Structures are given as C-alpha cells and as structure tokens.
Amino acid sequence: MSAAAVFYLTTLLVYVGVDILAVWSLNLQWGIAGIPNLAWILFQSAGAYTAAVLTLGPSSGNGGFQSYIIGARLPFPLPVLAGGLVAGALAALVGLVVLRRLRGDYQAVVLLVITVTATLLVENFPRFLNGPAGLALIPQPLSSRFASSIGYAWFYVALTAAVCAAVYFLVVRRITGSPLGRALRATRDCDFAAAALGKNIVGLRLFVFVVGGVIAGISGALLVEFITAWSPGGWMYVESLVVFTAIIVGGTGNDFGVMAGALLVPVLFNEITRYIPTFGSPYLVDALQWVVIGGLALLFMWFRPRGLFPERRRTMALGGPGTTVAGPGQAGVEAGRPGASQGSGAGTSTAVGGAGSGL
Amino acid sequence: MPTSSDDAARPDPLLVIDALTAGYGGPPIIDQVSCQVGPGEIVTIVGPNGAGKSTLLKAVAGVLPASGGSVRLGGQEITNRRADRLARLGLGFVPQESDVFDTLTVTENLEMGGYLLDRRAVAEQIATVLDLLPALKKLRGRKAEKLSGGERKMTGIARALMNRPSVLLLDEPTAGLSPELSTTFLGEHVRRLSEHGTAVLLVEQKAIAALEASTWGVLLVNGRRHLDCPAQELAQRHDIGELFLGRAAAGGTSPAKPAAATRAQPE
Amino acid sequence: MKNRRGPRRLLLLVSCGATALLAACASAGSSGSSGSSGGGTGALTIAVFNPFSGADASFGPEEMAGCTPAAKAIEQAGGILHHAKLVCTAADSRGDPADAIPAAEKLLATTSGLVGVIGPSSDEASATVPLFNRASMPMFADTGQLIFDKTTDKYFYRITAPDDANGYAMALYAHKRGLNRAAFVFGTDISSQGARATAMKAFRKLGGTIVANEQLSLDQPSYRTEVQQVAAAKPDVIFTEADPQTSATFFAELKQLGHLVPFIGTGGTIQPPWLKAVSGAIGAANMATYYTAAQPYAPTSGPAYQSWLTALKADKSQVAAPASQWYADPYAMSDWDSVNIMALAMEEAKSTTPAVYNPYIVKVTAASPGAVKVTTFAAGKRAIQAGKKVQYLGAVGPIVFDRYHNSPGGFEIVKADGTAITTFSPAAIAAVK
Amino acid sequence: MSTLIASVGFGLVTASILALAAVGFTLQFGISNLLNLAYGDTMTAAAFAAYLANRAGADLWLMLLIGGAFGAVVSLALNRFVYTPFRRRKTSLFGMVIVSLSVAVIVQNLLLAGFGPSFFTYQIGQSRTLRAGSLALTVNQLLIIALAVAAMLALHLLLTRTRLGKAMRATSTNPSLALGCGINTTRVVGMAWLLSGFLCGVAGVVLVANTTAFQSTTGNDFLVLVVAAAMLGGVGKPYGAMLGALVLGLVTEIAAGIIAPGLKEGFAFALLVLVLLVRPQGLFGDATSRAVAA
C-alpha cells in the first residue's frame, strides 16, 4: 500500500472512531433517554474548541493571526478530558433549561434554537474563538515523539480505538444495561408518561444527557487534535441530522446497531460520494448526498423504524399484555394513555395525540 | 346468557348492535356485545368500571375500529364507517370528555354541530335546540373552555342535537354534575329527547338515576353482556344493584359486602 | 411491523453491496495511483481542491475556469513529456476543515496520475496545506491568509496576492480620491474579513478617520440598524465585503435611506454573483456611479493576456457559463498560470514526479539572462526542447517568487463593468504597510 | 430617540414578513400538531418559483400570487404524501420533527442541485423612499406592511366568520369531535395546508423582495426566527404568532439599534428561551396542552 493510501486509511479510521463515539453519545441521549438533542453538534464543538484553546498556547503564537480566549498549552490527555468536561457542563446547563418543562418536539426545536444562537455568539465575537474563521494550526498531540508521520497516524488510530473501548466499557455499556437505562427506555418517547413519572425521571434524563454531552465533547476534542482545525461552518444543525440518521439506520437504542449505522451513514456515505465521478455541476454530488441522507432517514423511519439491528425487545410490566417497548421511530409506549392516540386516530387523517391546540 | 323476554313491546329497532367486538390492539375490551335501540327509546348501558361501556359507544360511533360483529343503522350496515359518514346518516355522539370545541364559542359549537345543514336550517335548528336547553341562551357568546361542567355538557349535547340525529349516543353525560342536576338532566332533558322520537343509547355511572329515566337497560360486565331487559326490571334486581350499580354507594339503603361496594365505587 | 424479514435481508444485501463497491473503488484507485507518477504515459491529473459546496461554493468553478483551458491548451501542444492527456478534476473541500481533511487524504490516495493541486482556499488551507506538503504535492494555493506569507512548506506556492494586501490597495485608492471619512462594513465570514484589518491600518496611516465599523452577520432579513449607524456617521467612503445576499440587502437599505456614497469592495466583490446581486439591489446606474473594487492586478492586454483569452475561448464549453465572466477574472487567470508553470516545470525537469519537478517551479518563472520569455505552454515546450531556458510570464503579470514561494503582485482598481481605473505596484503597496 | 423611531419603523417591516411566515407555520401546527421544519425551504422554493415567473415577465403582484400558489401546492403535497402517512404510522412527536427536518434537507438540496450555489435577484425595479421624520420606508416596504395587515385581517375574518374557517378551528381543537359533526376533516386539514402554504409562499417572495438577493438557503436561514415567533406566541395560535412576530420584529431591531446589531437574533432567541422558561406554552398557549412535567 502506498503511503498516501495508508494516510487515507488511517484518516478514515480516526473518523470512524469519532463517528462511533458520536452515535453512542447521541444514542444515550436520544435512543435511551428519549431526548431529541438537535443541538448535539454544539456539544461536539464545545469539546473541540476547548481542546483547541488548551493546546494552541497563547494567541500571540503563529504571528498572532487568530484571537481566542484562554490559550494554554496543556500536555496531551488534559485538553481532551477538559473538552469532555466543558461539553458536559454545557449539557447540564442546557439540560436544566430544556428537559424540565417541555414536550418532545418543543425540546427539539428549542435545542435547535440554542445551536443557532451559539453559532451567532461564536461568529459575532471574534475575540472569543476567532469568529467564523475558526481555529487552525492546533498542534497534534505527541507528534514530536514520532519519527515518521505514518507511525503517528497509526498511533492516533490506536488512540482513538482505545478511547472508544474505554468509553464503551466504562460508560456506555454500564448505562444501557443498567436498571437506570431500563427505566429510561421505559419512558422515552412517551411524553405523557414522563410527566406522570415526575421529577425522578427528569433527574435521570439529565444525568444521561450530561454523560452523552461529555462523550460528544471527547469526540470533538479527539477530532480537532487530529485535524488541527475547527470552524463554525462545520457545525450547523443539519450536521446533527447525519448522526440521527446513523442511529435510525443502525437501530435506535442498540449500542452495536448504532455502530453499524455510524459505519454506514457518515463514513460510507461521505466516502462513497467522493468516488462518484463529477457529473453536471461539481456541487451536484454534494447536494444529492444531502438529499440521500434525508431520504435515508425517511425511508428507514417508514420501512424499518427500528433500524437494521433493532434493539432487543423487552416486555415491560408497564402496560397491558402485549405492550412492548418500541423504538422512538414508532408508536412507543402507550401505556400511559390508553386510547389517547389509538382512539382518535382510527381511519382519520388527523390522528392528533393528546390535547388539541386550537387555532 | 340471560336475556329478557318482552322484546315484543319494543318499537322496531333503529340501531342494532350485533356481536360487536373491539379493543385497543390487545385483547378485546368488549366481546360480542349485542343490543338495540328503537325510536323514542332510552337504552342505558350500566356496569362496573372497566366493563367496556365507553368502548362500546366509541366502537359504534366510529371512533374506535371494531374487530368483529356489526352495527346497523336503520337497516344500513355502518360498521367501521368514518365518524363523519355516520353523522351524515343521522348518528350523534357525545363523548364523555372533549365533548365540545374548547376554543369556539357556544354558538360556534352549535354551528359546527349543524355543519351538514344549510345556512338557513342552522339558524332554525339553533333556535330549536336553545328552546330545548334554554340555559344556554345567555351563554351563546362565551367560549366553551370558560363554561362550567354542566354548561359544557349541555353545550355538547346541544351540539349533537344540531344535526337532528335519529340516534344519539351519550357517554356519561352526568359525569361531574351534582346529584340533583344529574337527576333533572336525565329525567327531563334526556327524556324530552326521546319524546321527540330520538333513539338514545346512554352510558351512565349514576346507574339508578339513569335507569329510572330509561326504557331499557343493558348490563355489561368484563366486556360481555350480562343482562338485557326493561330498565325498571334491571333497576330492581337487588343482587345486581348492590354489586354493579353502586346503589350501596349512591343511596346507602342496603348493606353491601365491603369488597363489592369498593369495586362498584364510581370514579 | 409486518414483513420484517424481507426488508432486512434486502437492506443488508444493499449495504454489503455498497461496501464491496467502495472497496473495489478504493483498490482500483490506489493501484492506479501507485504506478502513475513515474514515467508511464497515462493521463496526468491536476486537482482543483476548493469549495464546490457550502458558503464559498463559487470558488471551485472559478478555479476550474482557469484550470481546464490550460489543460486543453497543454493537450493541444502535445501534452507533458510522454503524457498526451492532462485532466483537471474537481475535489470538493466543502469549505470546512473537518470535511476537507478526509477529502484531501482521499484525493492523494486514490487519484491516478495526480501531479499537482490548485488550492486549497482560505477556508481549509491551514488544515490541508500540511497534508499536501507531507505528500510532496505541489499546490498553488488561493488562500489569502497571513500565516502563509512566511511559510516554509516546500510545496506551497501562492501567485495571488494575500487578502490583506487587498486592504492596502483599497486604502490607497480612497486616499488618492481624497476620501477621508470611511465606514467599514464587512461580513463576519472568514473570506470577507481578510482585507478589513489592513485596510483600517493603512487608512489611518494615510490620515483618514474611521467613522463607523460594522460587522454584518450573514444573510439576515435586514441590516437597517447597521445602515442607520453608517448613515449617521456620514462617511464619504465605505470599504466593504460580504457575501452577495448580505451585501445586496445592506446596500439596498442604504440606498433606501438615501445615503449611498462611493464604496470600495475587495477582490471578493468583483465576482459575478456579487455584482449581479448588488447591482440588482441598487440599480445598475448607482453601481456605475458609486462602486469600485481593488483586485489583484492582472493586465487585460498584452500577449500573456491574449494567450489566456484565446485558450479560454477555445475551451468555452468546459467552464461555468457564461465564459465571458472569467475573461478578466484574476483568480481564474492565476490558475491558468499555475497549471502552465507546473507543466513547464515538468518539461524542464523531464519528470512528472512531483518531488522531482518541484524545484523547477521557481526556475521556469525566474528571469535569467538568455531565458526565452513565453506566455503559453506550447511556446515554452518548444523552447525547452530546443535546449533553451524559459521564463513564463503570467497572465497575472510577471511572477516573482520570494523565498516563501509567494509572488505578491500589484493591485488594480476596477469598476463594476471591469474597466480599470488605476493600478498600484507591489512597491506602492509595501509603502503603506 | 430618532434611532428608536427608525428602529420601530424597521421592526414593523421585519415583523410584517415574520407575521406572514409565522402565522402560516402556526396554522400547520394547529391543524396537524406538527412542527414543520421544511417550512423555511418551502419559502425558498416559492421564492424560486416567483423568480422564474419574474424572468418570464411577471410583476410583483403576479409573483406574489405565483409564489403563494406554489407554496400552497408544495405544502399540500408534503402533508398529503409525507406527513399524514407518517402520522398514520403513529410516528412520535419527535419522530415527526426528524421527518420534517429530513424533508427540509431534501428540499433545500434539490433547490441547490437545480439552481446552483449562486445568488438570484428579482427584477422588480427600484421603489421610492418615503420619509416622515427619522422614519424612512420604501413604497415596497409599505406594501409589505399593508399586505401583512390585510392578510392578518383576512385570516381573522376567515377563521371567525366562515364555515370553513370555523371548521378549521374546530378540527384543530378537537379532530375526532369535528369528524363526529360530519366535518370531512381530511379536506379541512388539506384546506388549512393550502392556506398556510399560500402564506408561506407569499412570505418567501416578500422576504426576498426585501433582502433583494437570495439563494437556496435563504428561507432556511429565516426559519429559526419564524419558529421563534410562533413559539413565543404559543404554537398553534395564529393571534399568538402575530404577536410573537411583532415582539420579535421590534425586539431584534431595537436591540440592534441600541446594543449590538450582530446579536439581534441572539436577543430574539434569548427572549424566546426566557419566555419558555416562565411560560412553556408561550404567551398565548393554554397551560395544559403543551407543558409536560409540572
């Protein structure tokens, strides 16, 4: 294999690792806890920016061509850990605002609004994180210890894999398999049951939301230390849709299913389009790629709402016989309100669940 | 299954429910229930909580799909028809909850009830209905969400009457009303409807009061029909009354077994 | 929940098929690349690595408009060495570092016969320049970023002036016209910000006063408040760049308040979409009266320009229509030059291997006694085959690389229709730094 | 003070565009209980339809009509062929958000594929500026304000005076009861989508006529403000959306005039989050239906 091929392969592998962390993070928040985190990309960015400003050193460096806050030069694992912590803290803050009082689709929209606001803040205060230009020339951690850049590339792949393994065994598996995880699954996607279960569940959801935020932050930090640059243009809210699509395709709530989703959607799809020969105008392929990602989300939600690898079905004692916990793509737990949605929906086009809104 | 004998005294049925089975996707809530209502009759369905009374009405009204059996209205098969088609055929339904349009005024509620009538007929029918329920006259401009429980219920029924239904399904019309108001409501308003020839199918928790105003009674237990007989006869069956009709709880006249009394407690 | 088995098998099949396809493509691509850069006769590839999508999607087609005419002209001249065919391929960087990195790695790994890169742009330069440098791939970057003024990357070249120099030219021109109360109105995006700081610095140095400084967040429904503030400051000149929609909205509202004053745009504003949008917003007559822009100087006459124009017209069908929008586009012209320079360097080095021909890039542009001055690849190839040295004269003017591989050119001030008003030499620019 | 007056004038223009868009958005929510994130891209699509008409020689009025009609048809089709089928499958509330987001991405990128990443401008001529003190508005902007006021009035009359409008309100409040009254709710819902789609299309054309240049992402950029206006007023409440639009229009311009122009949307969103913290149901919403946990 040529050196170029090795670099391509290693880059791809690092992206695979980062994408897997991404889907696990969002799967905890959405697949397990049922929080429609359309602001997911914000937490990845928080981690990336934190790691960047803690690695770059003072902003007077590199001829002072970029301005940013803090500007420390911490030794390697610290910027990544700090990235996770800051993203987690941000998740706690956002979670406190969003999780307590709003129903699912409202939460999604408010989270979306928060992402847009954050982009505005970063872009309009260039002194904060160098504005729309983003941060660049972030030193790769430990790279000076490697004689060859190929050696370093493989080291970074191994590092990413180690972080993935650690996150999975120390965090993800423990939450999804725990009673806590089961309690959350039982109530996710059921806006009304969540209300009935009260504050306890809100606390659990907040906890998982923060853990997901920490993982998102770590994924961003790992990525930024590898690619050495980060800009606000890359974290519009549609980027979150890619991660959502990966989860929907893989199998919401299933740790390994979403891994497969990460391989198929961001990795395979982003890569396969690079092999499509340019036809028509050069932007066409990129535009059609987004059409395909949107279409994929729709197709899966229609034909296979539980994904390629559905979460194991657990029969719950919550509802009547036959009530099973289903993925957010479909009906969900209806135990909390028998008849509310089945009743009004029979054969009508306006199967509005719950109370009407009134024009 | 015990059924009553004097069907012969009843008018030709307008609404015929035959072996109807329905539920919410799991095991059926009502299982092969049959009964019928003729013009001018008030048929009351009674039974303990969870017997499937409301489910039966919803299945008839086209709100809930029936998985078996049939419903006929004036000889026409109407099983699993969409509710708007049923309205055109003259079936009126007043659900237990959400029985009015909250954000609309009383007048607008009535207009929606008369949606199938032409403009002039709406005005006439509003006058007719308001004569029937005069208490609504001074509430015409008020939004339904601002009404008291009794006013709401009257609006809901008035709304259903706007379409001049030949069959009216009432799901616990007295829920939330005081006992006195319930008695007047059932004894006067509902009875007056039947005197105009409407066939009324009624589900009631306040079973004694309802049966006293009714012509016929059906007892539903665990989704199955247990009794189908004249209302007076049903009301006077002591054993059943104690067990299922909440007489002990409501009137407190005869001592009942504690367990049974608890089970028969209205919501 | 019915028919669970069917779709699952189908989808697994589809995904397996897709994976296999990817693997096949990857192996085909990489096997192709390994044998290509040697001495074979296969097609050579120049990649235009620039945004073709996202906010700066207009960059890509502009660069392609310079590349494809050069490739065609080179083919008609018999190709480079034994390689009859030269291809320009578009590689979308998407204008974002996180997307650009894998795109660059893939480009390097899987493009057969890749010999050079046009790009990257400012959006992704700092993330991807090191990659191309590490891969020993010569790149003619379009980035305007300051940090590359003194880069030591061996494979980095820049023949367009950095954005910041643009700012000096704008200030010089305002000063020359006796305008000394300036409002600065720039979009917050990276490509708009390049010229702002230097224009402010130079304008102050020349004795001007900055009366307003507005940063526009992009694509808002209105900028009336910003307009109000600018109008209240009563400037006699406005320095500006933002994306077309933002600028159109801003100037439409400025006109509405009756406060149009001369405004000087950067090289970024002289692009067709910007001119079309702003002209539509304030009317062509106002555009002609008030608008001027500073852009890298590329003479629109002389033999080098004619060579470019001829090649472009011959390749009309391959560039983004209308071809006439590129006639005087300095960025397209600089890419035409870049491809010619790389091709001549290969001829001179007698090798298409990037690491081998790279040192010849500076040589084929340097003035030296006895060197034949050429403005096309064809002429250069003939001269080299005749055993002579060549000096390639660019359509953008003479190319003089400094030790950092930067060739800072002069600037010219033009009107919306492309008419040149005045030019500033590199020396004049240096004087106000 | 003159800054304030000018800001109020500007705010009214923004509010007018916002009101047209937000009322359409909120109607869709009210009738279908769906936050349609493809709304902004439908606006863009309508703006492009009007652009093509403009190139064929249509004037502003005809463009408004064509844009409106196009928006109506697209919205109706989206509801009929995408949203309603997903609803019938009992897709969760948030699932519907993902569905509409997917549709948004698809519509926006189809526009990009069709029209390219370039910018487009209407040829509608330059309009005269009218002044009153520090207030300065163009004739077109006054038209926009008038159009918005007229549309709001017409909508009010429709909803309170006509059989169809009342049926829409009835269906929105209590769909199963509406069906029981003999209302063909499928048709009424379709009419509501047509109507809201028309408003959406008109808002798209008006937005572009005001910004003067647009591209495939223009409507989507505006969407967040639209959603914020609708949520501020209480989603599903047309009068709430009008109020929300007015508040946001004024707040953004006044904040821009007095504090920092770059952050005007930031202020709008901060206001929204604050309002939702205090009143999760929005200014006009009813307390019971929207909030979940107490």
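## Chain A: burial and fold

Of the 359 residues in chain A, 65% are buried. Buried means under 20% relative accessible area, exposed over 50%, and partly exposed in between, using a 1.4 Å probe and protein chains only. This is a predicted model: local features need pLDDT of at least 70, side-chain atom pairs count only at pLDDT 80 or more, and totals for chains, interfaces and linings use all residues. Residues are numbered from 1 along each chain as its sequence is written, chains are lettered from A and ligands numbered from 1 in the order in which they are written, and side-chain values use heavy atoms, with hydrogens and water left out.

Chain A has 13 helices and zero strands. Helices (H or I, at least four residues) and strands (E, at least two) are DSSP runs, numbered from the N terminus. Among contacts in chain A with a separation of 6 or more, 75% join residues 24 or more positions apart. Contact means heavy atoms within 4.5 Å. A:Cys164 counts as buried, at 9% relative accessibility.

Strands E1 (residues 15-22) and E2 (residues 30-37) of chain B pair in the antiparallel sense. They do so over five bridges; DSSP must find at least two bridges between strands for a pair. B:Leu20 stands opposite B:Val33 in E2(B). Six of the eight residues of E2(B) are buried.

B:Ser182 lies in helix H6 (residues 179-195) of chain B. Its relative accessible area is 1%, so B:Ser182 is buried. Beyond its neighbours within four places in sequence, B:Ser182 is in contact with B:Thr174, B:Leu177 and B:Lys206. B:Ala210 is 28 residues from B:Ser182 in sequence, and 8.8 Å away in space, C-alpha to C-alpha.

## Cysteines and the disulfide

There is one disulfide over all chains, a disulfide being a pair of cysteine sulfur atoms within 2.5 Å. C:Cys67 and C:Cys88 form a disulfide, with sulfur atoms 2.0 Å apart. The pair links distant parts of the chain, 21 residues apart: C:Cys67 is in helix H2 (residues 59-76) and C:Cys88 in strand E2 (residues 86-92) of chain C. The S-S torsion is about -85 degrees, so the disulfide is left-handed. Both C:Cys67 and C:Cys88 are buried.

B:Cys229 is also buried, at 1% relative accessibility.

## Chain C: a covered helix

Helix H4 (residues 125-134) of chain C is mostly covered, with eight of its 10 residues buried. C:Phe132 and C:Leu131 are among them. After H4(C) comes C:Ser136, with a positive phi near 55 degrees.
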